[in-house]
Amino acid sequence: MRVRHGLLVRLLAAVVLVALCSITATAWLAAQSTSGAIRREQGQTLADDARINDTLLGYAAVHPSWEGVEPVVRRLARETGRRIALTTEDRRPIADSAGPRASLPARASAVVDPLRVDVSLTPGAAADRIDPRAVGPFRLPTAELARLRKAADAHAECLRRDGQNARVVYGLSGRPAVQIGSLTQPLDMADPGAPAAPPAPRPAPCTQPPSTAVTQAEQTALARLD
């Protein structure tokens, strides 16, 4: 009887130990899964906040007022699943994805100002905290931009024909410029024993690059600034 009683005790202890290990492992896995889900949720929330802030900053940087921002706010709310309410500093509603009659949150979560960027939501902000898209009256109008772009494209194409790695880049105001990289040298695959071919005619030299002089629109903006 003692042997059977001792065996029963050992079996019961083994069952309890296995149950405890199973419960501990299950709790650990649940905690790890919950922590991972929380971290992912927090990361997605921060990414959504940064995206909303950057989109509204970009709108403010290129528009003189908030008129017409309602579709942008509704699109962001639909894509992120977040409610977005945009108000003035004295909490007068400008646009709200929940509708014009919805009550506002107790406090603002961010200030959207392209001339005073919130560095906590925009880690790569400039040292002066001014959004680089806020070029104001220095943005080139369509006609002047088309003229400069045509001249830049022609100059870059000429440089490429001359063997140079040239491409057109654009500044924040829309002004194009020709950027020249390293020279591109074609490979010579001719037979060494073959007679030398006559030299190819050298293309005409490229004209001067597009003018970097101040345009009429930029001159007007400078005069107003002065």
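1. Arg91 is found in the loop between β1 and β2 (93-96); helices here are DSSP runs of H or I with at least four residues, strands are E runs of at least two, and both are numbered from the N terminus. Although Arg91 is not a glycine, its phi is positive, at about 65°. Arg91 has a relative accessible area of 36% and is partly exposed. Buried means under 20% relative accessible area, exposed over 50%, and partly exposed in between, with a 1.4 Å probe and protein chains only.

2. On the source of the values: this is a predicted model, in which local features need pLDDT of at least 70, side-chain atom pairs count only at pLDDT 80 or more, and totals for chains, interfaces and linings use all residues. Residues are numbered from 1 along each chain as its sequence is written, and side-chain values use heavy atoms, with hydrogens and water left out.

3. The protein chain contains four helices and four strands. Along the sequence their order is α-α-β-β-α-β-β-α.

4. Of the 226 residues in the protein chain, 22% count as buried. The chain exposes about 16,900 Å², and 60% of this comes from carbon and sulfur atoms; the areas are Shrake-Rupley values with a 1.4 Å probe, and for residues only the protein chains shown count as cover. Among contacts in the chain with a separation of 6 or more, 48% join residues 24 or more positions apart, a contact being heavy atoms within 4.5 Å.

5. The largest pocket holds about 840 Å³ of space. A pocket is an open set of points on a 1 Å grid over the protein atoms alone, with protein on both sides within 12 Å along at least five of seven lines, and lining residues have an atom within 4 Å of a point. Points are joined across faces, edges and corners, and the volume is the space filled by probe spheres set on them. There are 26 lining residues, and Ala85, Ala108, Ser109, Ala110 and Val112 lie nearest the centre.

6. Which elements each supply at least two residues of that lining? They are α1 (2-62) and β1 (85-87). Helix α1 gives the most, with four residues. By type, the lining of the largest pocket has 14 nonpolar, four polar and eight charged residues. Ala, Val, Leu, Ile, Met, Phe, Trp, Tyr, Cys and Pro count as nonpolar, Asp, Glu, Lys and Arg as charged, and the others, Gly among them, as polar.

7. The second largest pocket holds about 160 Å³. Its lining includes Ala60, Ala61, His63, Trp66, Val112, Asp113 and Ala134. Eight of the lining residues of this second largest pocket are nonpolar, two polar and one charged.

8. One aromatic pair is found in a search of the whole structure. Tyr59 and Trp66 form this pair, which is stacked, with 6.1 Å centre to centre and 5° between the planes. Rings of Phe, Tyr and Trp (its six-membered ring) pair if their centres lie within 6.5 Å; planes under 30 degrees apart count as stacked, over 60 as edge-to-face and the rest as tilted. Tyr59 counts as buried because its relative accessibility is 10%, whereas Trp66, at 23%, counts as partly exposed.

9. Ala50 lies in helix α1 and is partly exposed at 27% relative accessibility. The C-alpha atoms of Ala50 and Ser120 are separated by 9.1 Å, and the two residues are 70 apart along the chain.

10. Ala98 lies in the loop between β2 and α3 (142-161). At 46% relative accessibility, Ala98 is partly exposed. Its C-alpha atom is 7.5 Å from that of Ile84, 14 residues apart along the chain.

Methods. 1 Å grid on protein atoms, 1.4 Å probe; cavity = no way out; pocket = protein on both sides within 12 Å on 5 of 7 lines; lining within 4 Å.
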